[in-house]
Amino acid sequence: MTGPLRPVARPPALQRWGRVTAGRSRLLVRAGLALAVLGLVLAAGTMDRLVLSRFESPGSESLRTRAVLEEEFGTGTPGVLLMVTAARGTVDDSAVAAEGRALEQELARQEGVAEAASYWSRGHSPAMRSADGRRALVIARMSGTVTEARAGLADLSPAFTRDGARVSVRVGGGDEVFRQAAEQARKDFLRAELIVFPLVLLLLFAIYRRLSAAFLTLGMGLFSVVTTLALLRGVTYVTDVSTFAANLALVMGIGLGVDYSLFVISRFREELRAGRPVADAVEHTVARAGRTVAFSGLTVVLSLAALLLFPFPFLRSFAYAGIATVLTSVFAALVVLPAALARLGPRVARPSADGRSAGSRSADGSSGDGRSGGGWWHGTARRMMRRPLLYGIPALAVLLGLASPALGLTFGVPDDRVLPAGVSSRVVQQEIRDHFAAEEMDAIQVLRPGQAGVPGNGAAIEATALELSRIPGIHQVDALTGSYAQGRRIAEPGPSAARFSGERDTWYSVVATHRGLDRDIDRVLAGIRAVPGVQVGGYPAELSDFRNELTGRLPLVLGLILVTTFLVLFLMTGSVLLPAKAMLLNTLSMGVMAGVLVWIFQEGHLSGVLGFTPSGSIEPSIPILMFCIAFGLSMDYEVFMLARIKEEYDRTGDNLGAVATGLERGGPLITSAAVVLAASFATYASSGIVFLKMLGIGMVAVVLIDATLIRAVLVPVSMRLAGRANWWAPAPLRAFHARFGISESVSAVNPPGSARWRAQSGETRSAVPR
């Protein structure tokens, strides 16, 4: 008599999905190709819909001040300037002055120019004339959005770049600087495409020794890039997306697409070596590696989603691009790639010495039966764990030394030095720094609500202007009652003073010195805000409000990233210590990245080799963006590593053996993925834009450090020191994990390929139709 039949547990969802991809491989491959073609068609129009952004904080005092100035006074922050240089004599000569006034009138008539002014129409303002008298400024404010303004400049700039008999004219200003930066970024994007694809293909061939596997992996990266750009086009119909988001989509699409494909194909090769038929290998690859890819994608998404907490279109654009890239990369790895593997079968296996598919050992030196093969990574892990302090302390000292420059991190504001030295707008801005006592373009606009700009209030207006002019770092104050410097009137009011007249309010143009703008702007703004009853606007105030809002929200963003990442890793491992250790090590990686950025871009080391000019500070949004990207990618590698370690630990219960085998299985894979990802980001190290150069160099540093010293040394050392405590969790959390946690381990009571194994899993096929 036999006992009653027990119901067979239903296979996990990903295992069932793996069965579908194997059985419907032809259909899914065709669907993937159709999606790629559709994505390519949609992506072709994405770049034209991306927009430019200013560094501004929605709802800030500076933007409220800007709105009042535009509505009540018809004025605002100028974004364009013409630097007029006299060929002979000075700008006060009658012939030069006549040409200067004519230029101002011509500029004012251009479509898209809201207002224009010049040294000559502003009553010979000292702030608009160089110290030697050979140069003077014409300034203008563009109408419309920042994208419309800078698009208009694409025609205006070359038209007003002139060399005449009496004067030469060059175009500068903040809008022109960042227009040229966006133009350079687009060129860098196209150049990076030409470099990164053949470079990644060569690296992949070196890793796989199979062209089919290399092309398949690169194809998944291209699929991610194309479909991400297509998705971004859809997002542009709902909200603004920055032009720079396309640069991130390229490098992350290639990087993550390749990362996930490496992991899936490596697992597929293992399943083939274990003796599984192709269909079974696909099913179990998706069941096991699929969980890890999904968890990895979730950690990266959570890190990038934190950027949505910032109210800045510029940073949110990177969140849209990054999240879309992760989703398309995971889709490619779990839908398109398994179906393609089912079609290709052994043709993606690593060839043996005689050119046939290898069947005994993996690319990393491990055997195909799930046991250690004693490879280099296995031996390295054992060596680290035999003397954990001997190896761990020096590695930690090296990382702390690399991170130490971060203690001197200084946040500043971006300027023309984000451009290469020879670009026209940067040349103009440098001449202003060298030859002008102050910069009229960056005047701080001080609004006095409730104080009407009428002659009857002249005494009160003058008192405020005098008080503002005494603030250290202020070069000149212009008001309805005249111009002031260092607590005295330096010029009587002229026709241009009428711009300060208002029925309800008046305002002041406060021009800071170069030093006040570059080094003491926060102190200067604090001094202005200490004057009773004023509101502060203008470009310097907008940058300051942006920076303060950014750094003010930073603790919330970092805290959310840490908490959500901890929860995801706990669900995967069931441990409290492992997620905490992972976050600590990843934070150390982030410290190294910050140290590299400070040492190179703030302090200026290697600036000559890398071709940029250090400004003595770092614009804060770029390191924050890099932190979110790098933290997510570091956790990506952590998930890959812990998944293999936990799988082996669940199988054997041997902590040290699990670490060694997990490192042996995951180490080469992570290193290969890191090399490919670093190569993708490295294409931007040669960019002419400092922002992209920072992104490229900083990400290369953190990816390589994370995949070597962190994963090869500190991970095995820390797991050896913690011992069985690695897997500890309080009883309530253990119960929670037992119910809701997900791991990559798959119960295998019956050996793969046995009749009962096939019966329980519902398998009846032996191969996939070709």
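**Entry 1: the chain as a whole**

What share of the contacts with a separation of 6 or more in the protein chain comes from residues 24 or more positions apart? I found that such pairs account for 79% of them. I am working from a predicted model, and I kept that in mind throughout. I noted 24 helices and 11 strands in the protein chain. Its C-alpha trace spans about 110 × 50 × 50 Å along the principal axes. Of the 770 residues, 58% are buried.

I looked up the confidence next. The average pLDDT of the protein chain is 86, and 92% of the residues score at least 70. Where pLDDT is low, the predicted coordinates should not be read in detail. I leave the contacts of both stretches alone.

**Entry 2: the five-stranded sheet**

I traced an open sheet of five strands, in the order β2-β3-β1-β5-β4, with antiparallel pairing. At its edges are β2 (113–118) and β4 (162–163), each pairing on one side only. Helix α13, residues 424–435, packs on this sheet and touches β1, β3 and β5 (167–172). The direction of α13 makes about 105 degrees with that of β5. Within the sheet, β1 (residues 80–86) and β3 (residues 135–142) run antiparallel and are joined by six bridges. Met-83 stands opposite Leu-137 of β3.

Is Ser-425 buried or exposed? Its relative accessibility is 0%, so Ser-425 counts as buried. The side chain of Ser-425 makes a polar contact with the side chain of Gln-180, at 2.5 Å. Beyond four places in sequence, Ser-425 also touches Val-171, Gly-172, Glu-176, Val-177 and Leu-419, among others.

**Entry 3: the six-stranded sheet**

A second look turned up an open sheet of six strands, ordered β9-β8-β7-β10-β6-β11 and paired antiparallel. Strands β9 (488–491) and β11 (535–537) each have a single partner, so one side of each is left without a neighbour in the sheet. From one strand to the next, the twist averages 30 degrees. Three bridges join β8 (residues 482–485) to β9, and these strands run antiparallel. Helix α3, residues 61–73, lies across β6 (444–448), β10 and β11, and runs at about 85 degrees to β11.

**Entry 4: Trp-507 on strand β10**

Trp-507 is found in β10, residues 506–512. Trp-507 has a relative accessible area of 2%; the cut-off for buried is under 20%, so this residue is buried. Which backbone atom does the Trp-507 side chain reach? It is the backbone oxygen of Arg-499, at 3.0 Å. Among the residues Trp-507 touches, I listed Leu-69, Phe-73, Thr-75, Gln-445, Val-446, Leu-447, Arg-448 and Phe-500. I also checked the distance to Thr-65, which is 442 residues away along the chain: the C-alpha atoms are separated by 9.9 Å.

**Entry 5: the nonpolar cores**

The largest nonpolar core has 164 residues, and Leu-307, Ile-629 and Phe-681 have the most contacts inside it. Which helix gives the most to this core? Helix α22, residues 690–722, does, with 20 residues. I followed Ile-629 and found that it touches Leu-248, Met-252, Leu-304, Phe-681, Leu-695 and Met-699, leaving out residues up to four places away. Apart from this core lies another of 33 residues, including Trp-120, Leu-156, Phe-160 and Met-441.

**Entry 6: Asp-188 on helix α6**

My last stop was Asp-188, which is found in helix α6, residues 174–208. Its relative accessibility is 2%, so Asp-188 counts as buried. What lies by its side chain? A polar atom of the Asp-188 side chain is 3.4 Å from the backbone nitrogen of Gly-688. Asp-188 also touches Tyr-684, Ser-687, Ile-689 and Leu-692.

Note on methods
Residues are numbered from 1 along each chain as its sequence is written. This is a predicted model: local features need pLDDT of at least 70, side-chain atom pairs count only at pLDDT 80 or more; totals for chains, interfaces and linings use all residues. Side-chain values use heavy atoms; hydrogens and water are left out. pLDDT is the predictor's confidence in each residue, from 0 to 100. Two strands pair if DSSP finds at least two bridges between them. Helices (H or I, at least four residues) and strands (E, at least two) are DSSP runs, numbered from the N terminus. Contact means heavy atoms within 4.5 Å. Axes are lines fitted to C-alpha atoms, for helices over the stretch in contact, and angles run from 0 to 180 degrees between N-to-C directions. A nonpolar core is a set of buried Ala, Val, Leu, Ile, Met, Phe, Trp, Tyr and Cys residues joined through side-chain atoms within 4.5 Å. Buried means under 20% relative accessible area, exposed over 50%, partly exposed in between (1.4 Å probe, protein chains only). A polar contact is a pair of N or O atoms within 3.5 Å; within protein, one must be able to donate a hydrogen and the other to accept it, and residues adjacent in sequence count only if both atoms are side-chain atoms.
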